Amino acid sequence: MLVNTHTLKLTLVLMILFSFQAQAQVKTWTLQECLDTAMVQNKNIQITKNQSEIALLKNQEAMAQLLPKLFLQGDYRYFTELPFQLMPQSAFGGPEGVFREIQFGVPHNISANLTFKMPLYDAQVMGGIKASQTYQELTYLQEGKTKEQVYLEVSNLYYNAQILKNKLAFIQQNLDNSRKLEKNTRLLYEETIAQRTDWDKVLLQIQQLESAALQVESQYETVLKALKFVMGLPLDTEMDIPFNIRISESEDWSTQKTLDELIQEKKQHLSLQELRTIKNSRIPSLALYGNYGRTGFGFTGQPESFLNFYPVSFIGVQLNMPIFNGLVTHKKISQKKIELQNNQIQQELIMQQTDMLQQNALLQSQVAKSQLKTSQQQIQMAESVYQRMLLQQQEGLASLTEVLLADNALRDAQQLYLNAMVEYLKANLDIKKTSGNLLN
C-alpha cells in the first residue's frame with residue numbers, strides 16, 4: 001500500500017511537470033510579431049504581390065513594342081491548275097482593246113522570307129508605355145491597401161483576444177467572490193439565519209459564471225483560430241496572447257495622404273493618360289520595314305524537270321494615317337471625359353470622408369481614454385464596496401440582496417471598462433488609418 005502511494009505521488013508530480021513544460025512551450029505573441037508574420041505569409045498579400053509582378057511584366061511588354069520585330073515566313077504551293085492572265089493583243093501587234101487569256105507558270109512554288117519591322121514613331125505605343133507604368137504604380141498602392149486591410153484585421157483580432165482574456169479574468173474574479181459569498185450564505189443557512197432560496201440564488205450565480213467562463217474560453221479559441229488563419233499559420237500552431245493591453249500615450253501623428261487618396265489620384269492620372277492615348281490615335285505612325293527571301297519555281301515533266309530559286313529583297317518606310325473611323329474615336333473621348341469627371345468627384349468625396357473619419361476618431365479616442373480612467377476608478381470603488389458588503393453579510397449586518405446589488409455594480413463597472421477599451425483601441429486604429437500612418 002505504501003509503495004502504491006509513493007507511485008501515485010510520483011505520477012502526479014510527473015504529470016504536473018509535463019503540464020508546466022507544455023505550457024512553457026506555448027509562445028506568447030506580441031502584436032508586432034503577429035503583424036510581421038501576416039505580412040509575409042498572408043495569402044491575400046501574396047496574391048497582390050503577384051499582381052504587382054504581373055503589372056511589371058505588362059510594362060516590360062509595352063516597352064518591347066518599340067524593339068525591332070523579325071518574322072520568318074515560308075510558303076509552298078502546288079497549282080493543280082495554273083493561273084490565267086489576260087494579255088493585250090496590241091502588245092504583239094494585234095488590235096487595241098482585244099485580250100487573250102494565257103495560262104503560264106509552273107506548278108511548284110516555294111517561298112521563304114525574313115521580314116523585319118521596327119516602329120519609328122507610334123503615339124499609341126508611347127501612350128501605352130506611360131499607361132502601363134502608371135498601372136504598375138497603381139498595383140503597388142493596391143498592394144499597400146491590402147496590407148492595410150490585413151493590418152487592421154490582425155490588430156482587431158489580436159485586441160479582441162486581449163479583451164476576451166480581460167473579460168475572463170473579471171469572470172474568474174467574480175467567481176471567486178461568488179464562492180466566498182456561497183460559503184457565507186451556506187453558513188448562515190446552516191445557522192438558520194438565511195433562507196434556502198438565498199443559498200440557491202448564490203449557487204445559481206456560480207453556475208452562470210462558470211458557464212460564462214466556458215463560453216469566453218471558447219470565444220477566445222475561436223478568435224485565436226481566426227488570427228492564425230489571417231497570419232497564414234497552421235490552425236494547430238500553439239500560441240497565446242498577453243493579458244495586458246498597452247495604452248499608448250497621446251501621439252501627434254503627422255497627417256499625410258492615405259492610400260485611398262493616393263489610389264484615387266493614380267486612377268485619375270491613368271484616365272488622363274488613356275485620354276491622351278485615344279487622342280493620339282489620330283496621329284500618323286511611321287515604321288521601318290524590310291524583307292529578304294528566296295522564291296523557288298519547280299517543274300516535273302518532259303522534257304526536263306527543275307527547281308530553281310531566285311532572291312527577292314526590299315527595304316522601305318511605312319506611313320499609316322487614320323482619316324475616318326466612323327466617329328469611334330470621338331465617342332471614346334467623350335466617354336473618357338465623363339469618367340474623368342466621376343474620378344474627380346470620387347477623389348473629393350474620399351478626402352472629405354477621410355477628414356470626417358479622422359476627426360471622429362480623435363474625439364472617440366479622447367472620450368474612450370477618459371472613460372477608461374473613470375471605469376478603472378469605478379472598478380476599485382465597486383470592489384471595495386462589494387468586499388465590505390460581503391463582510392457585513394457574514395456578520396449578519398447586510399442582506400443577500402445588498403450583496404448582489406454590490407456585485408452587479410462591480411460587473412457593470414467591469415463591462416464599462418471593457419467597452420471603453422474596445423472603443424479606444426478601435427479609435428486608435430482609425431486615427432492611424434485616416435492619418436496615413438497605419439503601416440508606418
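Predicted model: local features only at pLDDT ≥ 70, side-chain atom pairs only at ≥ 80, totals over all residues.

Me: Okay. How many residues are in the largest nonpolar core, and which have the most contacts inside it?
Reply: The largest nonpolar core has 59 residues. Val154 and Leu227 are the residues with the most contacts inside this core.

Me: Which helices supply it, then?
Reply: At least two residues each come from α2 (31-41), α4 (123-190), α5 (196-231), α7 (328-394) and α8 (400-434). Helix α4 gives the most, with 15 residues.

Me: And what does Val154 touch?
Reply: Leaving aside residues up to four places away in sequence, Val154 touches Leu31, Cys34, Leu35, Ala38, Leu227 and Val230.

Me: Which residues does the second core include?
Reply: The second core is separate and consists of six residues, including Ala131, Leu138, Leu259 and Ile263.

Me: New topic: Thr277. Where is it, and is it buried or exposed?
Reply: Thr277 is placed in helix α6, which covers residues 259-280. Its relative accessible area is 16%, and Thr277 is therefore buried, as the cut-off for that term is under 20%.

Me: What is around Thr277?
Reply: Thr277 touches Gln124, Gly127 and Gly128, again not counting residues up to four places away in sequence.

Me: Now the strands. What is the order in the open sheet of four strands?
Reply: The order is β2-β5-β7-β8, and the pairing is antiparallel. From one strand to the next, the twist averages 15°.

Me: Which strands stand at the edges?
Reply: The edges are formed by β2 (69-78) and β8 (306-320). Each has a single partner strand, so one side of each has no neighbour in the sheet.

Me: What holds strands together in general?
Reply: Strands of a sheet pair through backbone hydrogen bonds, in either a parallel or an antiparallel manner.

Me: Then how many bridges are there between β5 and β7?
Reply: Strand β5 (residues 108-121) and strand β7 (residues 285-299) pair over 13 bridges, in the antiparallel sense. As an example, Ala112 has Arg294 in β7 as its bridge partner.

Me: What about β3 and β4? How many bridges join them?
Reply: Five bridges join β3 (residues 84-88) to β4, and the two strands run antiparallel. Leu86 has Glu101 in β4 as its bridge partner.

Me: How many residues of β4 are buried?
Reply: The count is zero among the five residues of β4 (residues 99-103), so this strand is hardly covered.

Me: Last topic, rings. How many aromatic pairs are found?
Reply: A search of the whole structure finds five aromatic pairs. In one of them, the ring centres of Tyr158 and Tyr159 are 6.4 Å apart and the planes are at 75°, so this pair is edge-to-face. Both Tyr158 and Tyr159 are buried.

Me: And why is the pair of Phe297 and Tyr310 called tilted?
Reply: The planes of these two rings are at 45°, with their centres 6.1 Å apart. Stacked rings need planes under 30 degrees apart and edge-to-face rings over 60, so this pair counts as tilted.

Me: Where do those two residues lie?
Reply: Phe297 lies in strand β7 and Tyr310 in strand β8, so the pair ties together parts that are 13 residues apart in sequence. Phe297 is partly exposed, with a relative accessible area of 33%. Tyr310 is also partly exposed, at 42%.

How values were computed:
Residues numbered from 1 in each chain as written. Heavy atoms only, no water. Core = buried A, V, L, I, M, F, W, Y, C linked by side-chain atoms within 4.5 Å. Buried < 20%, exposed > 50% of the residue type's maximum accessible area, 1.4 Å probe, protein only. Contact = heavy atoms within 4.5 Å. Pairing = 2+ DSSP bridges. Axes fitted to C-alpha atoms, helices over the stretch in contact; angles between N-to-C directions. Phe/Tyr/Trp six-rings, centres within 6.5 Å; stacked < 30°, edge-to-face > 60°.
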